[in-house]
Amino acid sequence: MQVEDARTAMLIYRKAKKAWEASLPQHTKKGYHDKKEAAK
Amino acid sequence: MVGVGPEGRESVVARVSIVNFHGQVLLDAYVVPKEPVTDFRTKFSGIRPKDLRPENGARPLEEVIKDVDRIIKDRILVGHALDNDLQALLLKHPRSMTRDTAYYKPFRALSSGRTPSLKLLAEQFLGVAIQTGEHSSVPWGRRSDGQC
């Protein structure tokens, strides 16, 4: 992957990031495992 | 990637580039091919024979793989059709830590469920034409490294 392609993919991700992250399964979200451990 | 073997159909890694969330270059390395390159695919790859010579700074694949592994470890990896790149580098990355623009469902809808090309996504989402063989037209606010 060239720099231009890497940057393009990153820009596309940044544009869609909010909706993308929200669509991910719970276990992939940041802090999920920490919260689960704390709840034990 | 460049082509090796008969008619250059088989692909091998020739250049590895990694940028961070802000578009700054973390790694941009040419790789010394282990077998004769039969198709440099210059029109698409931008790679010329001189780029892959050790005397011009091209590095052994093993060395580049180590760098990539160190950079992406425990980080969210963003890219397009990353399976191909990771396979070529003999690396694995957790799926939960991967954001692949080729497999995100709303993006695939643009190609009637098929894998959209990065070129198509760039046109649709960024309004720019890439991979035209001309100067990069990707808009980016931070160009401190001068590579954009």
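**Notebook: where chain B meets chain A**

I started with the contact between the chains: 27 residues of chain B touch 18 residues of chain A, counting two residues as in contact if their C-beta atoms, placed from the backbone, lie within 7 Å.

I then looked up which elements of chain B take part. Strand E3 (15–19), strand E4 (25–30), strand E6 (77–79) and helix H5 (118–126) of chain B each bring at least two residues to the side touching chain A. H5(B) gives the most, with five residues. Helices (H or I, at least four residues) and strands (E, at least two) are DSSP runs, numbered from the N terminus.

A note on how to read this: it is a predicted model, where local features need pLDDT of at least 70, side-chain atom pairs count only at pLDDT 80 or more, and totals for chains, interfaces and linings use all residues. Residues are numbered from 1 along each chain as its sequence is written, while chains are lettered from A and ligands numbered from 1 in the order in which they are written.

Next I checked chain A, and found two helices and zero strands.

Then I turned to confidence, using pLDDT (the predictor's confidence in each residue, from 0 to 100). Chain B has a mean pLDDT of 87, with 89% of its residues at 70 or more. Over residues 142–148 of chain B, pLDDT stays under 50.

Last, I jotted down the model's scores: ipTM 0.82 and pTM 0.82.
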